[in-house]
Each structure stands twice: as structure tokens, then as C-alpha cells.
Amino acid sequence: MAITDKFRKPGRYFLVTFGCQMNISDSEKIAHLLEERGYQPTLELESADLVIVNMCSVRKSAVDRIYGLAEKIEHLKKSGHKIEAVLTGCYLKSAEQRKLLKIFDLVCARPDFFENPEYLSQPAHYHSFFRAYVPIMTGCNNFCAYCIVPFTRGREYSRPAKEVLDEVKKLAQGGYREIWLLGQNVNSYQGKDGHRTVLFPELLSRANAIDGDFWLYFTTPHPKDLSDQLIQVMAQSSKVAPYLNLPAQSGDDIILKKMNRPYVIKDYKNIVNKLRQAFQENRKNEEKRLALSTDIIVGFPGETEAMFQETVKLMTEVEYDMAYIARYSPRPLTSAWPLGDPIPEAEKIKREKILNEILKKTALKNNRFYLNKTIPVLIDYYDAKKKALFGKSRAYKTVKIDGGQDNLIGQVASVKITEAGSWGLYGKIK
Ligand code: SAH
Ligand code: SF4
Ligand code: F3S
């Protein structure tokens, strides 16, 4: 029996997605499955027959947001709406989420939704006509001490190489301009290709060789698998964009060890230097500069002021373009859970602020690099209120362009950068 047979007759579905790009990609597959079975999408909860919540549990705050939505669903049901609610994605059968599991009519794991343990092979209903996510692997074997993902997504699983490359080819032929290879540990990919095992550098290089006018991105790599070979492939593959998110999590070696991150800061900085040098040597013009972002957690149990200062040092030295700074949130089942949450919220907020101030400065400095240069920008959307187009550069900088027309959406325009801020660039179409 198909999972959709458990739902009421085809009607309107309301799909809400929380969390990372992997969840967005999973939702695209859910949408495809439902539409294939005759369900129509709706953007209003009130008019839905079926609500599907694709959940994220990475921080307590994410779980709380889902409780907020669940309350609304309960309220609708009580006021007589015939609405069926399904919970999927990264949920946990833990005490924290027990109540949540009861509110939903059905709780169903991703692979069960598709009745396919290899659900990454399912077709997707892409959310955009020019930007596409191609999941190449899911799951995680690393068990960082703070992280719930190995418990919500299970062990690593890689999609066969040919399937990934066929999807990229189809997207390129369909005119997609921005293609992301996705995975929790994207560079730990080990996909089958007949009897051979293909590793990530080979996959990336083969994706780069596909005909078409597209920009290639991938996320999220783990520093432990960021090999010299991958660095060379990245720098020498012209479709691979000069942008990388490389999570450091902390700048302190003792904290990294406690987090079960298998590298020290010296290794991390070494990778950064090699990456930057490889782009410098192999690319032309503004592509010589690799834009870097990172993920940082502040207030992990035992993080002293001196240890935090190591993160300050890392961020000051690396001069990131972007950083996703999170306050530590204890998660059930993780190995750090028994350590509790000894660092007060106010202290975490203080540390987060300090790091954001550093980022503001380094990002501004980096963005000034693009001043007076004419660069390609993929136009995302037109904001009628601001009377401006917004897009992304190859280095994944948000670019605001005054005026312009919405018929440029999904196209690459040549833009002269006239102004730089910390969080974006401003320019004119050439
Ligand atoms: N696989 C990716 C990250 C997945 S989770 C990687 O290894 O980099 C995304 C980000 O959420 C992490 O990089 C981390 O910075 C943050 N995060 C995960 N667990 C967290 C927790 N318990 N508290 C605060 N932030 C957390
Ligand atoms: Fe896996 Fe660690 Fe990334 Fe979590 S943060 S998904 S445990 S590598
Ligand atoms: Fe992503 Fe959240 Fe799951 S960050 S992997 S959706 S727990």
C-alpha cells in the first residue's frame, strides 16, 4: 500500500519545510510524489486537506517552531476543519518530541514516505526553474558531540554516480543555471558506478564536464575529507563556483576535541590556505578569489573565555565572507547531552555578537574587492517595493540592482558593482 493511500482522497496539500537545504530537497521529492497522485498544492494552511511538516530538530528553537505550527493545526481541527497532519523529516522519538508525535495523525520517516529506502532516487518537483538541488548523499557517520543529525538521518548513504550525473545533465539541458550537489557530508560521497566506487572529487569533475551553461555549488563539506585532490578539482573546474562553506565549529583545539571534530585548527587553516592558493593559481579575474563561509557554535559546554578567544582569532585571521553563528543548544541522544548547558544564554548571546561584529568587518572588506568590477549575476527576483532586482554572484554574494525588469529573472546579467556593504553588493546592469 502506498503511503498516500493512508491519507484522505486527493485534495489540497500544504507542505511546510524547516531546516537545511537537504530538507528543502526532500520536500521537492514529497511534492512530486503528491502531485503525481493527484494532490494540488496550496499556500494556506486553512484551505488544506493535508498538511505535511518536514521537520528539523537541529536546535531546540527549531523544534519549538514546529510546536507553534502544531498548535495551529490542532486549533483548526477543533474548529471543525477536516485536516490530516503528517510529520516527516528530522524528528526524534524522544521525550522532547513525544507530545508533538501525538498531535500528528501520522508520523512517517522519509524513506517510508516514498516506500523506498533509496528515496534520494525519487524524482523532484524543483522549486525554481533556474536553481536546483541535487542530493548526492544523506546521513552522517561522524557523531559530533552536539549534533542530532546522525540520529535523525541515520548512517551515510550515497546515490549511484550515474544517477546523480544524469540528473545534473537533465537540469543543464533544461536550462538550469545554478546546480547544487547536496549532502550532510557531501565530500564523504562514495557512490557506486557499476563495480567501481566513485569518490567526491571524481563526481565533481564529471559534473563539471557536463555540457551546459551552469554554475556548480556543493554543500556541506567536512574538513576531514577536504583532500588535496578535491582542492585541485575545485580550482580547475570552471563551472565550480568560487564559494565554499567550510564549517569550523570552533577555533579552539580542546573544544574541537570535545566536539568530536577530528581536526585541529592548524589543519583547518592549512586547508583554507591551500584552497585560496589553488584558486589564485588556476582562475582568472575575480574568480581568483574564493569566498568562504563557515558554521560556528558558541557556548559549547566547557568553552571558557580563553577558548572563545581562539574562535575570535580564527574568524579574524580567516576573514570569512559569511558565518552562520549558532548558540549551543543541547540535543537529546547526543553525547554532549549529559553535559547539560552550563554556559548562560546571556554569555552565549554576548559571544555571538562579538563574532558577528568581526564578520561584519571582514565581509565588508571582502565585498570591497568586487567594487568597480563587472561580474555575472544570476537574477533571483524583482522586489516591486524596492524597485530593484536581486541576484547572486558566482561567489554567492547577494547583489541589489536598482531598476531593471522582471523578465531577467533566472538569467545571468553582467553587472557593474558600484557599492559594497557587509551583507551584499550593489550594482548596475552593463
Ligand atoms: N553536516 C554539516 C552540518 C549540519 S548541522 C557539518 O558537519 O558541517 C548545521 C549546523 O548546525 C552545524 O554546522 C552546526 O554549526 C549547527 N548545529 C548543529 N547542532 C547544533 C547544536 N546542538 N547547537 C547549536 N548549533 C548546532
Ligand atoms: Fe554529522 Fe557533525 Fe555535520 Fe552533525 S555536524 S551532520 S554529526 S558532521
Ligand atoms: Fe537539516 Fe535540521 Fe535535519 S539541519 S539534516 S533538517 S536536523
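**View 1. Arg 196 and its salt-bridge partner.** Arg 196 counts as partly exposed, at 43% relative accessibility. Buried means under 20% relative accessible area, exposed over 50%, and partly exposed in between (1.4 Å probe, protein chains only). Arg 196 forms a salt bridge with Glu 202, with the closest N and O atoms 2.7 Å apart. A salt bridge here is a side-chain nitrogen of Lys or Arg within 4 Å of a carboxyl oxygen of Asp or Glu. Glu 202 is partly exposed too, with a relative accessible area of 25%. This is a predicted model, in which local features need pLDDT of at least 70, side-chain atom pairs count only at pLDDT 80 or more, and totals for chains, interfaces and linings use all residues. Residues are numbered from 1 along each chain as its sequence is written, chains are lettered from A and ligands numbered from 1 in the order in which they are written, and side-chain values use heavy atoms, with hydrogens and water left out.

**View 2. The salt bridge between Arg 131 and Glu 178.** The side chains of Arg 131 and Glu 178 meet in a salt bridge of 2.7 Å, N to O. Arg 131 lies in strand E6 (residues 131-135) and Glu 178 in strand E9 (residues 178-182), so the pair ties together parts that are 47 residues apart in sequence. Helices (H or I, at least four residues) and strands (E, at least two) are DSSP runs, numbered from the N terminus. Arg 131 is buried, with a relative accessible area of 12%. Glu 178 counts as buried at 0%.

**View 3. The salt bridge between Lys 77 and Asp 105.** The closest N and O atoms of Lys 77 and Asp 105 are 3.0 Å apart, and the two residues form a salt bridge. Lys 77 belongs to helix H2 (residues 60-78), while Asp 105 sits in the loop between helix H3 (98-103) and strand E5 (106-107), so the pair ties together parts that are 28 residues apart in sequence. Lys 77 is partly exposed, with a relative accessible area of 26%. Asp 105 is partly exposed, at 44%.

**View 4. A salt-bridge network.** Glu 303, Glu 305, Glu 347, Lys 350 and Arg 351 are linked in a network of salt bridges. The count of salt bridges comes to 31. Side chains of opposite charge can pair when their charged atoms come close.

**View 5. The shell around ligand 2.** Surrounding ligand 2 are Cys 140, Asn 142, Phe 143, Cys 144, Tyr 146, Cys 147, Val 149, Pro 150, Asn 185, His 222 and Arg 261. A residue is near a molecule or strand if one of its heavy atoms lies within 4 Å of it. By class, the ligand 2 shell has seven nonpolar, three polar and one charged residues. Ala, Val, Leu, Ile, Met, Phe, Trp, Tyr, Cys and Pro count as nonpolar, Asp, Glu, Lys and Arg as charged, and the others, Gly among them, as polar.

**View 6. Ligand 3 between two domains.** Ligand 3 is surrounded by Gly 19, Cys 20, Asn 23, Cys 56, Ser 57, Val 58, Cys 90, Val 149, Arg 153 and Gln 184. This shell has five nonpolar, four polar and one charged residues. Domain 1 (3-114) and domain 2 (128-241) both give residues to the shell, so ligand 3 lies between them. Domain bounds come from an automatic or database domain assignment.

**View 7. A nonpolar surface patch.** Phe 143, Phe 151 and Leu 333 make a nonpolar surface patch of about 250 Å². Patches are made of residues with over 30% relative accessible area and no salt bridge: like charges are joined within 9 Å, nonpolar side chains (Val, Leu, Ile, Met, Phe, Trp, Tyr) within 5 Å. Accessible areas come from the Shrake-Rupley method with a 1.4 Å probe; for residues, only the protein chains shown count as cover. Phe 151 lies in helix H5 (residues 149-153). Phe 151 is partly exposed, with a relative accessible area of 33%.

View 8. Most residues other than glycine have a negative phi, and most peptide bonds are trans. The peptide bond from Thr 219 to Thr 220 is cis, with omega near -5°. Thr 220 lies in the loop between strand E12 (215-219) and helix H8 (228-236). Glu 115 has a positive phi, near 50°, and is partly exposed at 47% relative accessible area. Asn 372 also has a positive phi, of about 65°. Asn 372 lies in the loop between helix H12 (345-368) and strand E16 (374-383), and is exposed at 58%.
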